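Hello,

Here is the structure we talked about handing over. My notes on it follow below.

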Amino acid sequence: MIHDFTKCKNIYIICGHTDMRKGIDGLATLIQDSFELDPYSEAIFLFCGRRKDRYKCLYFDGDGFAMLYKRLDNGKLQWPRNENEVRRLTQQQLRWLLEGLAIHQPKAIQKSKKGVF
């Protein structure tokens, strides 16, 4: 089982709201049918409900699916609203999201591109 999510290469956020009554099979079907992604790949898939105070994380660890469900006691997530969209996140964006920040921080120092000297 993955306990250190920093080792996971792919992090996907399912934008908009998801029916939080769905279990592992329902979420895996949503990943496969609606977004044409492989739920068995080395990836974390994140889902959020309408109230934005809870989220689910689904991943396959090699011998089965695991699902993390978290409900925030105080505050809300700044979850992207665009329905029918999936985005790939960086580890930094995942940390921002789960800390209650937006996944795009315009004032953050961005990685630089190689320049010509």
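Exposed means over 50% relative accessible area, buried means under 20%, and partly exposed is in between (1.4 Å probe, protein chains only). Helices (H or I, at least four residues) and strands (E, at least two) are DSSP runs, numbered from the N terminus.

This is a predicted model, in which local features need pLDDT of at least 70 and side-chain atom pairs count only at pLDDT 80 or more, while totals for chains, interfaces and linings use all residues. Residues are numbered from 1 along each chain as its sequence is written, and side-chain values use heavy atoms, with hydrogens and water left out.

Helix α1 covers residues 24-35, twelve in number, and spans 16 Å from its first C-alpha to its last, close to the 16 Å expected at 1.5 Å a residue (the expected span is 1.5 Å times one less than the number of residues). Its buried residues are L27, A28, L30, I31 and F35. Viewed down the axis of α1, these buried residues fall within an arc of 155°, so they line one face of the helix; the arc is that of the directions from the helix axis to the C-beta atoms. An α-helix has 3.6 residues a turn, so residues three or four places apart point the same way. The cover over the buried residues of α1 includes β1 (10-14), β2 (43-48), β3 (54-60), β4 (65-71) and β5 (86-89), where contact means heavy atoms within 4.5 Å.

**Two positive phi values**

E36 follows α1 and belongs to the loop between α1 and β2. Its phi is positive, about 50°, although E36 is not a glycine. E36 counts as exposed because its relative accessibility is 71%.

K52, in the loop between β2 and β3, is not a glycine either, and has a positive phi of about 60°. With 22% relative accessibility, K52 counts as partly exposed.

**The segment after α2**

I109 lies in the segment after α2 (91-98). At 85% relative accessibility, I109 counts as exposed. Ten residues separate I109 from E99 along the chain, and their C-alpha atoms are 18 Å apart.

Regards
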